[in-house]
Amino acid sequence: MTLYPPNQLKRLLAERKPALGYWLSTNSLMVTEIAAGAGWDWLLLDMEHALHDVESVERHVLAASHPGTSTELAVRIPSVDPVLVKRLLDAGVRSFMFPYVQTVEEARLAVASTRYPPAGIRGFSGSTRANHYGKDKSYLETYADNICVIIQIETPQAVANIPAFGAIDGVDAMLIGPNDLAANLGHLGDNRHPEVMATIEAAGRAMIATGKAAGFLFFDERAPLLIDQGFTLAAVAGDIHMLSTTMAAQLKRLR
């Protein structure tokens, strides 16, 4: 039995239950700790558009290990990079979001980077945080049970490949990146365009039909509507958005 708690995010997705997530972009350990203590199902630490390196990610892994919570910290890496994935796995990351996955080969590489041979290409180290510095004797037999792989759908090509992605063992979920999808549909900066929303809803139906979890990233009134449609990987709030909107709202009230 593993010395670490089970991956709540992976469990919720497998059970097709909504998993509510909070997006972390400020690189603030205090915000990560507060968010973990608030009881979100999962947190997303963004390496793609925020200033993080492996060492800072490691600090956030520790900050998210809040006493009494089962919140899972997922990390969005900048690209499908097996070397970076290997280092983050050793640091204790168990859940990964891979951006801009467009082909079956990229999706398979994403999964393979999280698995030891012969199932994948992850390099082996016998003493890391992941295996409790060698104390978790069952790690090699059980680690994959707690690895969660999420691939992002951000182009028309990726949308077309959803059925093929869903057939890949080890992909737990697909999450639509609405802003990049809008841009790649010719509607840069307008993720509310009817074509964009129609594509998102159709993509969600295709994801659900594969048996994999469908995900979205919206911090507005669209979130509950998509959950009602069967999306379960739900990124519904974030630190920068919450800070900027509540600051402006409070100032407006006081003035």
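Let's start inside: the largest nonpolar core has 58 residues, and Ile77, Leu88, Phe98, Ile151 and Phe165 touch the most other members. A nonpolar core here is a set of buried Ala, Val, Leu, Ile, Met, Phe, Trp, Tyr and Cys residues joined through side-chain atoms within 4.5 Å. Buried means under 20% relative accessible area, exposed over 50%, and partly exposed in between, with a 1.4 Å probe and protein chains only. Helix α10 (residues 194-210) supplies the largest share of this core, five residues. Helices (H or I, at least four residues) and strands (E, at least two) are DSSP runs numbered from the N terminus.

This is a predicted model, where local features need pLDDT of at least 70, side-chain atom pairs count only at pLDDT 80 or more, and totals for chains, interfaces and linings use all residues. Residues are numbered from 1 along each chain as its sequence is written, and side-chain values use heavy atoms, leaving out hydrogens and water.

Now zoom in on Phe165. Leaving aside residues up to four places away in sequence, Phe165 touches Val101, Gln102, Thr103, Val104, Ala107, Ile151, Ile153, Ala158, Val171 and Met174 (contact means heavy atoms within 4.5 Å).

Next, the aromatic rings. Rings of Phe, Tyr and Trp (its six-membered ring) pair if their centres lie within 6.5 Å; planes under 30 degrees apart count as stacked, over 60 as edge-to-face and the rest as tilted. That rule gives seven aromatic pairs, including these:

| Pair | Centre to centre | Angle between planes | Type |
|---|---|---|---|
| Tyr139 and Tyr143 | 5.6 Å | 35° | tilted |
| Phe216 and Phe231 | 5.9 Å | 75° | edge-to-face |

Are Tyr139 and Tyr143 buried or exposed? Tyr139 is buried, with a relative accessible area of 9%, and Tyr143 is buried with a value of 9% too.
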